[in-house]
Amino acid sequence: MFVLELTYTAPMDRVDALLDDHVAWLEEQYAAGTFVASGRKVPRDGGVILAVADDRATIERIAATDPFTVAEVCAYRITEFVATKTAPALAEYRETLP
């Protein structure tokens, strides 16, 4: 499992101009089963995405296609973790340690 933290690197008017494209990209990733949750940070200086994939390289490739990344209005910080405990609704994402 991965936590993707986005930090805006451009003025909000540039971010907002790309918001519809970013949301469409998010929807594609939800439909593919990659994203589990997402939303804005408070205060609104970026966002957070919870994602699942087989490896970090896959997540890095997906993040590179975000319209925010393509337009260079945000930077990504990607953290991989092993979800050994989850809420019941997320049981399908639980992992065991090797």
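The model is predicted, so local features need pLDDT of at least 70 and side-chain atom pairs count only at pLDDT 80 or more, while totals for chains, interfaces and linings use all residues. Residues are numbered from 1 along each chain as its sequence is written, and side-chain values use heavy atoms, with hydrogens and water left out.

Rings of Phe, Tyr and Trp (its six-membered ring) pair if their centres lie within 6.5 Å; planes under 30 degrees apart are stacked, over 60 edge-to-face, and the rest tilted. How many aromatic pairs does that rule give? The count is 3.

Let's start with Tyr-8 and Phe-68, an edge-to-face pair with 5.9 Å from centre to centre and 85° between the planes. Tyr-8 belongs to strand β1 (residues 2-8) and Phe-68 to helix α4 (residues 67-70), so this pair ties together parts 60 residues apart in sequence. Helices (H or I, at least four residues) and strands (E, at least two) are DSSP runs, numbered from the N terminus.

Buried or exposed, what is Phe-68? Phe-68 is buried, at 1% relative accessible area, and Tyr-8 counts as buried at 15%. Buried means under 20% relative accessible area, exposed over 50%, and partly exposed in between (1.4 Å probe, protein chains only).

Now for Trp-25 and Phe-35: their ring centres are 5.4 Å apart and their planes at 70°, so this pair is edge-to-face. Trp-25 sits in helix α2 (residues 19-31) and Phe-35 in strand β2 (residues 35-40), so the pair links parts 10 residues apart in sequence. Trp-25 is buried at 4% relative accessibility, and Phe-35 is buried at 4%. Finally, Trp-25, Tyr-30 and Phe-35 make up one aromatic cluster.
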